[in-house]
Amino acid sequence: VATRPITFLSDYGTDDEFAGVCRAVIARVAPSALVVDLTHGVRRHDVRDGAVALANSLPFAPPGVHLAVVDPGVGTARRPVAVRVAEDDRILVGPDNGLLSLAWGRFGGPVEAVDIATSQFRLEPASSTFHGRDLFAPVAAHLALGDDLGQAGTPVDVEKLNALEIPAPRIWPDRIVAHVVRTDRFGNVSLNVGHEDLAGGPLRLGEPLAVESAGERVGASFARTFEDVDPGKLMLYEDSTRTLALAVNRGSAADLLRLRRDDEVVLHPA
Amino acid sequence: VATRPITFLSDYGTDDEFAGVCRAVIARVAPSALVVDLTHGVRRHDVRDGAVALANSLPFAPPGVHLAVVDPGVGTARRPVAVRVAEDDRILVGPDNGLLSLAWGRFGGPVEAVDIATSQFRLEPASSTFHGRDLFAPVAAHLALGDDLGQAGTPVDVEKLNALEIPAPRIWPDRIVAHVVRTDRFGNVSLNVGHEDLAGGPLRLGEPLAVESAGERVGASFARTFEDVDPGKLMLYEDSTRTLALAVNRGSAADLLRLRRDDEVVLHPA
Amino acid sequence: VATRPITFLSDYGTDDEFAGVCRAVIARVAPSALVVDLTHGVRRHDVRDGAVALANSLPFAPPGVHLAVVDPGVGTARRPVAVRVAEDDRILVGPDNGLLSLAWGRFGGPVEAVDIATSQFRLEPASSTFHGRDLFAPVAAHLALGDDLGQAGTPVDVEKLNALEIPAPRIWPDRIVAHVVRTDRFGNVSLNVGHEDLAGGPLRLGEPLAVESAGERVGASFARTFEDVDPGKLMLYEDSTRTLALAVNRGSAADLLRLRRDDEVVLHPA
């Protein structure tokens, strides 16, 4: 059996050796595995930020084992799990704190899960503070080698897995009330409005609008790409995940509007 | 046919999953490709910074497919291209905004190019804002698998490709008037003066000089390596790309002289 | 013979292409080598920080060739070396400035070493400022291919290799006088107190203590994992390397106590 590819996402950052040590553990167990680091730059302990990044990434990754570690509750009763999803025979490995839940939503939901807290695959002695190294990475590596999910831990009812809720936008005939989901390195701001929410709503591609936040209104266009507006100008667009987002051509929408995650943003057709 | 290696350089940073998603796409198309990340830390939208980093890196990389994405004009009329260079059968893939041009200059120039905007290899539906994922990465991966360049897009006249100009230094009998090309993490400052510009000029290895910038003069030595001067002292040296550069032993020349890219620097023999 | 895996640690950062170029050189020489980047985020020129990170990582990495570059004296008389250790047939490659010494201490010490300054494997012309690219990476790659250590350079007496000293803690019946070894991205602070130093000392897991630094005292618990204390509260714990460390649940111990490396910390049972 060919070794399956592994993707790896975390909030370990690149300043320290944490992500590298997990990679080293994988290299010991499954040296032939192709490992793709999605990012280790998830904001520290920000489970939702990691969940969004994972869900946005996996549809583009080869089916395999998907390791994700953003784990503020490491060492406590929160359950470490490995979860098989309905489609593509993909397996997600990480803490059961919602981190994996947006991703499994993209692949038909979970169909089988195991609690890996005392997995036969974990390193011994296992630390209380670095489960990435001692638990998640070796379990992911063994699963990539083809070991059965059932051998990695004890069964868990998939109905009892924890899922994150991203609040839904409110769509009115004259406005959309949205919230900030995340901002990226470029200052682009993702909102909780998907492609499917636009149908029947008040916004039309190519038309002007006003973006209201914290009582201030800024004019913008509903554009297709950054250069559709002048440098420094605000635009609304469907980003590469088909989510509504705000950007400033060659600037930062997050800075212009002083937006942070969970802030309310109201979109008014002009 | 063996899969060719791929190098990858971008301004996507490491905080977000952008570079990782491109890696994931490559892993889907060409799982056996060896992928080397050169850097994803190019300054945002800084095409010249990326072009210099790429040109400095590729002579040390195995011949293959060289993916580079610094693309402020993504989604506009700027042409996405794949370009074969005269030497080593290397293929460069990226936006035709000058990013690739310093690199092809190192390998005899471009000999064949295709516009890949509507490449059969792109992902569908292709976004307007993330061509790294939807266009450049899959095209690079297919070319690494051995697909013909001609199949990746429609022919482009290589004479019409865009090239960057790095301004030439002015070499006088008593001074060199140079400009800052880039600064690195260590505060070392590269100037637009190459090894070949030194012959016949006024500077001699081992001799003292004065570095003038913004009206201020600081004494320095033309040294070989950092420890040839005392800690905190300024030196001029030929860096590892055989380019003249300024450094401070265990310090930062960029900070000491408050230099930024394109600033003028005059080098006077003392 | 199978190519051996290579691990790579440096202070090159991720903003520039330095680490990537070294990876490119390895890919040229030993394309089939599995390369694991441990981290490139070691503090600039901080040999001890790099030495600790390397020593903490290697026990989890597959035996192979272990490349490490934190090299403030590049280009000077400091000796570049390749060192075989007593256990696992591991080979360390880097500058002989103490960087490798904590790691070889984990594997029975050095048993064979060569000076690689004029190694037949180095790139020509070799620069004076980028030995990672021109010397360390190609030597590591050749050793991964199975070339003999003796062919990589000229013999060095292992007794003459440079080793770092981490100062020992002072253990009193009523307190431990410790020093800060390093802090990580999460603000966790490692002290120079190992698991073995605790036996017979005054501290007991689960009990309260006071942490004194710069004349200030803060209450803490000797806990097992972060969530054993309330958010914002200070704790002492054995970290994943079995070293005593300070942390704040969902906060930063380094910030709370304004601690930097080498600062003295006194631990008093309450």
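Predicted model: local features only at pLDDT ≥ 70, side-chain atom pairs only at ≥ 80, totals over all residues.

**Relation between the chains**

Chain B is superposed on chain A by a rotation of 120 degrees with 0.0 Å of shift along the axis, at an RMSD of 0.0 Å. That is the relation of a three-fold axis.

Next, colour the interface residues of chain B and chain A. Only 9% of the interface residues of chain B are also interface residues in chain A, so the copies meet through different surfaces.

**A strand residue in chain B**

Now select residues 110-115 of chain B, which form strand S6, and within that strand pick out Val111(B). Is Val111(B) buried, partly exposed or exposed? Val111(B) has a relative accessible area of 47% and is therefore partly exposed, as this value falls between the limits of 20% and 50%.

Display the surroundings of Val111(B). Leaving aside residues up to four places away in sequence, Val111(B) touches Arg84(B), Val85(B), Ala86(B) and Val158(B). For a distance across the chain, select Arg170(B), 59 residues from Val111(B) along the chain; the two C-alpha atoms are separated by 31 Å.

**The cysteines**

Finally, select Cys22(A), which is buried at a relative accessible area of 0%. Cys22(C) is likewise buried, with a value of 1%. How many disulfides does the structure hold? Over all chains there are zero.

Technical notes: Residues numbered from 1 in each chain as written. Chains lettered and ligands numbered in written order. Heavy atoms only, no water. Helix = DSSP H or I, 4+ residues; strand = E, 2+ residues; numbered from the N terminus. Buried < 20%, exposed > 50% of the residue type's maximum accessible area, 1.4 Å probe, protein only. Contact = heavy atoms within 4.5 Å. Least-squares fit on C-alpha atoms with pLDDT ≥ 70 in both. Disulfide = S-S within 2.5 Å.
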